[in-house]
Amino acid sequence: MSPLKEIQDLKKANSRQLIELEARRKELFKYYRDRSHFKPYIVIRDNGKREVEQRNFEDQKRLQSYKPVTYLLPKRLVKIQHEGPLKILAFSDYRIHDINMLLDFVSNLREKPDLILYAGDDIRRFTPPPLEFLKLPISSEKYPSELEAAWFSSPNENRYLSTSSPEYGFLLRLPRHIKITPEARILSMLEFVHCLNEALEKGRLQTKRDIVTFLSQKYPSLEVIEQKYGGLTIVDKITDTEVLRLRTLNNSFYCSGGYWVLFHEIKSSNLPTEYKKVGEDQKYIYYYFTLGISDNVFEKLACEARYGLAAVAGNDSYVEKFWIRGEGVYELHSTWLIIGPFLFMGLEGSTCGMGPLGHYTEGDVKFRLEYAQRILNSQNKLVIVSHTPPRGVLDRAMRFGDEAIGSLALRDFLEETQKSVPLVVCGHVHRCGGMYERLGKTVVVNVSSHDDPFSRANIAWIFLNEMGDVKVEMVALPSPIEQIFSVESESRWLNLLQAKVGLSKAEGALFIEAFKKYGEKFFEDLPKLASLKFRYGFSWDNVFRFYARGISVAEQITDSVYQEILRQTRSIHRTHLKRGYAEVKRYLEKDRIYLINPIPISGDEKLIVLDTEYSDVGVLYGFLDLSSDEFKQFWFDEKDKAIEYLSKKKDYLFIHWGGADKKLLKEELNCDARTLNMLYYVQTSLVAPISSASLRDVYDALCGHREDKLWEKFFYGIDGLYKLMLCNRILADPNNMSAREELAEANKVDILALKEIVEKLRRLPSPKRLHS
């Protein structure tokens, strides 16, 4: 029999209580604001000027995602009678691993869990979107889009938030007077997109006239309309709807929107099997369909546990958190569970700024935790299901640089109240998934899984007795690659490795060879081998050469092994080997700064630092002659002057920082001078404490951070995407002086930074040459 469940809808706090709660919230915000750091943010002023402003991180998060105090409070408590220890099954960040494999694992357990916990991320993989949140499209266009990604919304206490994605499904708009089924229409349009895309890829459709002729011959009901801001729209005159759009890039057409999105998605999925009529108006009938799951996986999992499943949202959208629902399914941000002596509460999102729900202030996290503490009596203990770990515990992330991204407030709370918090279940930081640590008397279990096909999925069995004692057993489910080798026939391995994992034919052959040679051990070592590939940048060819020598981690790579493999390696794999080895040295020798190879510049070499700003074509060319400190800039409409300037510099070595500088120098300015790609040299030769080989990171490591308003704005505050936008503005309007001034300043500062980097590199020590 099911245990008694008492559901208590929490009454809204009265005005006096709300005032007290809001006052405490403000205190906590100020406390953590004073402990927070400042970060640069790009600010667009009323006059359109773009400036870089240092802002307190907590201030910025509150500005981006302020929530009313009532949103931070639970809406209801569910009390479940229970005696004895609790058996908990926990997992998180289940992004790419097979859902059916997970269901089979749980359903085949001999001993069922009392409760299943999910600590967030990719909620959409587990449950179809609730159709009551579906937004029907509204359009005043003559030809509204016939097919578009579905929009879903959910009411916030202050506003409506909505989001759209092909992963949520599609809305099909068909005229009432046309007697055609959704299935037939979808199939005919996909056939059309296939033929159109094939003709575009083969270069048969170069002009609007070509496209008009193509349509008139094969699809007479379709017509082309020229868009106001460039590109073409293909419409169906019978249905009075837009089918898709054609945009231009490098003087070629490419498909976008409409049925093209569906065509692209179906390449990695199956055709829809069910179309639901979700609305109609005077002219159209609307159908919804999805390529994703149709079953509520959370609900299926909940059936396998005595008390169901409880989950929090992770880096999901605000809307997706409302999809945590079903029989026996609890959304643990708004619904808290009391099971025996334990109060289970959830912390959704994170405080590190990542994702739509990643802007919680530390003060608000502490506020929720304090509120939970108020509910506890002297016999109760608190179990926290938090997407983010506590600061400093299983929270070191590598994806955006090696840093701790856990919650400071959660850490503080655990240190203050550790006797009453025996367990924290978290995710978010994939690098630490499948691990657990103690913080005082609290056991923190990170149950996240890596989102790559080479790593196994992490599941934790957690045993929690009435005294708060915790025992953890980790279980690993097969990786996607492991499933290919164990489930599929050998004849399909290579094709599946290419289609599902994205390996090339040569790479797939390496994997098959390794599996045949090493068997199960290969799958156990594969996550470490993947780290060599993705953390350090080695090619798979490099990685398997290391593995053949018994090497699976960076610490095992010696100079002699590197030199041996370098002698055997050719083509692009040689470049990857050099870059990867330099990255390994940077990781292992964090406190040192030196060069693996001497800089290839002689003492009396005449040098020019070059930097170009470009879109499809060059827009601004900047040069700094290091022998005379002469600085020159030439715009795209001054190429004759640039060519004349360069004609006197043929004996110079031009130093640039990657990109298309060398190509533009030769093709647009007719200069075939010698060049040195300093970015490539740094990637393969510099050992220094840098998190990336960006111009900014290398400059700060070698020259120190420049505290200067001009540099903060034009060097640290402007990225490549913004410079591309400035280039396009200038090409569209050559008289846009504001854009020209910004781009010229950014170009100049980049050149000055590169000059200082070159000067520093020429003075650095270089041990014995290791590269041949």
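# Backbone, sheet, cores and rings in a predicted model

At 60% relative accessibility, Asn 670 counts as exposed, since the cut-off for that class is over 50%. The model described here is predicted. Asn 670 is found in the loop between helix H18 (661–667) and strand S35 (674–677). Its phi is near 55°, a positive value in a residue other than glycine.

Most residues other than glycine have a negative phi. His 428 is another residue with a positive phi, of about 75°, although it is not a glycine. This residue lies in the loop between strand S25 (423–426) and strand S26 (435–439). Is His 428 buried or exposed? At 6% relative accessibility, His 428 counts as buried, because buried means under 20%.

Strands of a sheet pair through backbone hydrogen bonds, either parallel or antiparallel.

Leu 117 has Ala 310 in S18 as its bridge partner.

**Nonpolar cores**

In soluble globular proteins, nonpolar side chains tend to be buried together. The largest nonpolar core here has 45 residues. Ile 601, Met 678, Leu 686 and Leu 761 are the residues with the most contacts inside this core. Several elements give two or more residues to the core, among them strand S31 (607–614), strand S32 (618–625), helix H19 (678–685) and helix H23 (737–763). Which element gives the most to this core? That is H23, with eleven residues.

Leaving aside residues up to four places away in sequence, Leu 761 touches Leu 595, Ile 599, Met 678, Tyr 681, Val 682, Leu 686 and Leu 702. A second, separate core has 42 residues, including Leu 72, Met 345, Leu 347 and Ile 384.

**Aromatic rings**

The model has 50 aromatic pairs. One of them joins Phe 214 and Tyr 219 in a tilted arrangement. Both Phe 214 and Tyr 219 are buried. Why is the pair of Phe 485 and Trp 493 edge-to-face? The planes of Phe 485 and Trp 493 are at 75°, and planes over 60 degrees apart count as edge-to-face. Phe 485 and Trp 493 are buried as well. The values for these two pairs are set out below.

| Ring pair | Centre to centre | Between the planes |
|---|---|---|
| Phe 214 and Tyr 219 | 6.1 Å | 50° |
| Phe 485 and Trp 493 | 4.8 Å | 75° |

Phe 485 and Trp 493 also belong to a cluster linked by ring pairs. Other members of the cluster include Phe 454, Phe 511, Phe 515, Tyr 518, Trp 540 and Tyr 547.

Charged groups also sit over rings. Lys 67 lies over the face of Tyr 360, at 4.2 Å from the ring centre. The charged end of Arg 706 is placed over the ring of Trp 711, 4.3 Å from its centre.

Definitions and conventions:
Residues are numbered from 1 along each chain as its sequence is written. This is a predicted model: local features need pLDDT of at least 70, side-chain atom pairs count only at pLDDT 80 or more; totals for chains, interfaces and linings use all residues. Side-chain values use heavy atoms; hydrogens and water are left out. Rings of Phe, Tyr and Trp (its six-membered ring) pair if their centres lie within 6.5 Å; planes under 30 degrees apart count as stacked, over 60 as edge-to-face and the rest as tilted. Buried means under 20% relative accessible area, exposed over 50%, partly exposed in between (1.4 Å probe, protein chains only). A charge sits over a ring if NZ of Lys or CZ of Arg is within 6 Å of the ring centre and within 35 degrees of the ring normal. A nonpolar core is a set of buried Ala, Val, Leu, Ile, Met, Phe, Trp, Tyr and Cys residues joined through side-chain atoms within 4.5 Å. Helices (H or I, at least four residues) and strands (E, at least two) are DSSP runs, numbered from the N terminus. Contact means heavy atoms within 4.5 Å. Two strands pair if DSSP finds at least two bridges between them.
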